[in-house]
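Here are some notes to read alongside the model, written as numbered points. Please keep the structure open and find each residue as it comes up.

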Amino acid sequence: MFMVTVQVVFAGANVLFKLAANDGMSLRVIVAYRFVFATVFMVPLALIVERKRPKLTWTVLLQAFLCGLLGGSLSQNLYLESLALTSATFASAMFNLIPAVTFVLAVAFRMEKLCLNTMSGKAKVLGTLIGLGGAMLFTFYNGIQLNILSTHLDLLHHYGQATAGLAASSHVASPNHVLGALAALGSCITFALWLIVQTKMSEKYPCHYTSTALMCVMGAIQSLTYALCTEKDWSQWRLGWNVRLLTVAYAGILASGLMYMLISLCVRMRGPLYASIFNPLLLVLVAFAGSLFLEEKLYLGSVLGAVLIVLGLYIVLWGKGKELKKMTQLMPSTSPQITEQIEIIVTSPTCLKGLSEGLEAKEANSRRGRIEEKELMDVENASN
C-alpha cells in the first residue's frame, strides 16, 4: 500500500512537471528547487521525530551522498537529458527497465535469491518480464482511441500553449540518439543503484526520516551546483504564486520528502525489488491523469499495457509473499537448536564444577584412607 501511494504522488508530480514546463520553467531548475524544498521540510521533521538516533559516521555520510547522487540529482538530470536528445516516448520506455535492472543488481549483490527451482523464484522472474512487456506495449502500441475517461478539462491550455510542451524547458532536440539512449539507460541504472545503496544504508542507519533528510541535503547541493552551472537565464529561478511554486513545493515536500522516506522504509522491510516493481504503475497513473486533466488521448494499447503491468505486479507480489511465508515457517524449526546450544553453554560450567568437586572429594577420601591404614600399621608394629 505504501508503494502504491508513492506512485500516486509521483504521478501528480509528473502532471505538475508538465504544467510548469509548459509555463516556460526549466526542468533543471525544477529539480534543484525540488530538493531545496525537500531539505527545508525534512531536516526539521527529522530533528523533531527522531531525537534519539545513532551517531553519524563517515560511512553513513558517504551512503547519503551516494543516495542523493544516484536517486536524486544524477538520475533526474540524466532522464531530462534523454528527453532532450531522443523523445519522451523513448525515455519513458527506457525508464520502465528499472525493475529488470534492479532485479539483476539485487541478485548480483545477493539481496534477492533467484531460486528458479521454486515457485516463488519463477513468479518473481515471470512477473518482472510481464510487467516489462506491458510497459513496452503501453509505450509503443496505440490501437483505437478510447474516450471513456474524457472530462474535457485541459489544464495545459489554461496555463499556456499546449504546443510548447517540454521544449519550453530550454532543451533543443538533438540527432544524437545514441547519447540520449545512453543517458536514459544511465538514469535507470542510477535509480536502481540507489535502491541498492538505500537498502544498505537502512540496515546500518535505520532512522528513515534522518536518512531521507541527509539524502535531500546532498541532492540539493548537487542539483543546485549543476543547475547554476548550466542554466544562465536567471529569470528561470523566479517563483511566484503560480503553478511553478506549486510544482516545486509539491515535488519537494511530498514526492522527494515523505515519499522517499516511505521508499527507504519499504526497501528495508521487503528489499529493493519490491520497491522497484511498482515503477511501471507510474506510467499507467500518469496516462489516466493526463486523460482526465490534460485532455490527452487514451488508446487501447495503453489499457492493454496497463493490464499487463498490474498483472506482472501481482505475480511478483505473490512470489514475494510465498518467499516470506516460507522463511517464517522455517524460523520455528531453527530456534530449538539455538536454545539447546545456549543451554549447553550455560549449564556446562556447573557440570564441570560439580565434576571437579566430586573428584576432589574422592581424592581426599582416598588420602584419608591411606593415612588411617598407615596409622594402624604403626600401632601393630609398636605392639609387636
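1. The side chains of Asp23 and Arg244 come together in a salt bridge, with a distance of 3.1 Å from N to O; the term stands for a side-chain nitrogen of Lys or Arg within 4 Å of a carboxyl oxygen of Asp or Glu. Asp23 belongs to the loop between α1 and α2 while Arg244 belongs to helix α10, so the pair ties together parts that are 221 residues apart in sequence. By this rule the count comes to one salt bridge. Asp23 is partly exposed, at a relative accessible area of 29%, whereas Arg244 counts as buried at 11%; buried means under 20% relative accessible area, exposed over 50%, and partly exposed in between, computed with a 1.4 Å probe and protein chains only.

2. Please bear in mind that this is a predicted model, in which local features need pLDDT of at least 70 and side-chain atom pairs count only at pLDDT 80 or more, while totals for chains, interfaces and linings use all residues. Residues are numbered from 1 along each chain as its sequence is written, and side-chain values use heavy atoms, with hydrogens and water left out.

3. For the overall picture, the secondary structure of the chain comes to 13 helices and two strands, where helices (H or I, at least four residues) and strands (E, at least two) are DSSP runs numbered from the N terminus. Of the 384 residues of the chain, 43% count as buried. Among contacts between residues at least 6 apart in sequence, 89% join residues at least 24 apart, a contact being heavy atoms within 4.5 Å. The accessible surface of the chain comes to about 20400 Å², and 68% of this belongs to carbon and sulfur atoms; such areas come from the Shrake-Rupley method with a 1.4 Å probe, and for residues only the protein chains shown count as cover.

4. How many aromatic pairs does the chain hold? The count comes to four aromatic pairs, under the rule that rings of Phe, Tyr and Trp (its six-membered ring) pair if their centres lie within 6.5 Å, with planes under 30 degrees apart counted as stacked, over 60 as edge-to-face and the rest as tilted. In one of them, Tyr33 and Trp237 have ring centres 5.6 Å apart and planes at 65 degrees, so the pair is edge-to-face. This pair links distant parts of the chain, since Tyr33 lies in helix α2 (residues 27-49) and Trp237 in the loop between α9 (208-230) and α10 (243-270), 204 residues apart. Both Tyr33 and Trp237 are buried.

5. A second case to look at is Phe191 with Trp194, whose ring centres are 5.3 Å apart and whose planes stand at 65 degrees, so that this pair is edge-to-face. Both Phe191 and Trp194 lie in helix α8 (residues 177-204), three residues apart, or about one turn of the helix. Phe191 is buried, with a relative accessible area of 7%, and Trp194 is buried with a value of 0%. Ring pairs link Phe10, Phe191, Trp194 and Tyr260 into a cluster.

6. Phe10, a member of that cluster, is found in helix α1 and counts as buried at 11% relative accessibility. Leaving aside its neighbours within four places in sequence, Phe10 is in contact with Arg34, Ala255, Met259, Tyr260, Ile263 and Leu282. Phe10 and Tyr250 are 240 residues apart in sequence, yet 9.8 Å apart in space, C-alpha to C-alpha.

7. Ser187 is found in helix α8 and is buried, with a relative accessible area of 1%. Not counting residues up to four places away in sequence, Ser187 touches Ser75, Leu78, Tyr79 and Phe95. Ser187 and Gly71, at 116 residues apart in sequence, are 9.1 Å apart in space, C-alpha to C-alpha.

8. Helix α5 (residues 98-108) is also worth a look, where Ile98, Pro99, Val101, Thr102, Phe103, Leu105 and Ala106 are buried. Just after α5, Arg110 takes a positive phi of about 60 degrees.
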